[in-house]
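Hi,

Here is the structure I promised to pass along.

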Amino acid sequence: MDAVWLIVTSRRALAGSGGAPETMTEVWQAQALAQAIGSRLAVSGPPELRGEALGLTELAGRGCGVLDTPHLATEDLRAAQLTDLGDARQALLCLGGLLGEVGIALVGLACAADDEGTYWQCMEAIDAADESRDRVQQMLRRLADRDEALPETGRRQALPEREAG
């Protein structure tokens, strides 16, 4: 499935989650999806994103690792359904929004936590989501820099042709 569709599905599921266990499952799903998108970008994305994408994969993996792994059937794991990245910029914009919402949901869970273990688990997951979102923002800046450089290169290549005429 398309990355943007999966991200939108995750955002809706996170927004509609009820109690702490369901929200934690959706947070884990979002981090797993970020890890899968990072992996896909690292392997087949634009060359200027590959290093940052690898970093996203590691950070999102850490985000999954600090949370209890939910018991999900393979067909319910959104990250496993990722088959098409689509437009990298659009996917990254949507993923950044999802990771921001993950952080907000985790702050709410941490504030309502009854035990210290859940609180610290949320704090670690907040850090991972925030760092993952920062990495997404860095990749978006790299894409913007690339897009700014492309017209200049095109103008430089076109200039000698005009002078030759």
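How much accessible surface does the protein have, and what share of it belongs to carbon and sulfur atoms? The total comes to about 8,700 Å², and carbon and sulfur atoms make up 52% of that. Bear in mind that this is a predicted model.

On the overall build: the protein has five helices and zero strands, so reading from the N terminus you get α-α-α-α-α. Taken along the principal axes, the C-alpha atoms fill a box of roughly 75 × 30 × 25 Å. The chain has 165 residues, and 41% of them count as buried. As for contacts with a separation of 6 or more, 81% are between residues 24 or more positions apart.

Then the charges. I get 15 positive and 26 negative side chains in the protein, with the centres of the two sets 9 Å apart. There is also a negative surface patch, formed by Glu124, Asp127, Asp130 and Asp134. Asp134 sits in helix α5, which covers residues 116–164.

Is Asp134 buried, partly exposed or exposed? Its relative accessible area is 39%, and because that falls between the 20% and 50% cut-offs, Asp134 counts as partly exposed.

Cheers

Key. Residues are numbered from 1 along each chain as its sequence is written. This is a predicted model: local features need pLDDT of at least 70, side-chain atom pairs count only at pLDDT 80 or more; totals for chains, interfaces and linings use all residues. Side-chain values use heavy atoms; hydrogens and water are left out. Patches are made of residues with over 30% relative accessible area and no salt bridge: like charges are joined within 9 Å, nonpolar side chains (Val, Leu, Ile, Met, Phe, Trp, Tyr) within 5 Å. Accessible areas come from the Shrake-Rupley method with a 1.4 Å probe; for residues, only the protein chains shown count as cover. A salt bridge is a side-chain nitrogen of Lys or Arg within 4 Å of a carboxyl oxygen of Asp or Glu. Lys and Arg count as positive and Asp and Glu as negative; His and the chain ends are not counted. The place of a charge is taken as NZ of Lys, CZ of Arg, CG of Asp or CD of Glu. Helices (H or I, at least four residues) and strands (E, at least two) are DSSP runs, numbered from the N terminus. Buried means under 20% relative accessible area, exposed over 50%, partly exposed in between (1.4 Å probe, protein chains only). Contact means heavy atoms within 4.5 Å.
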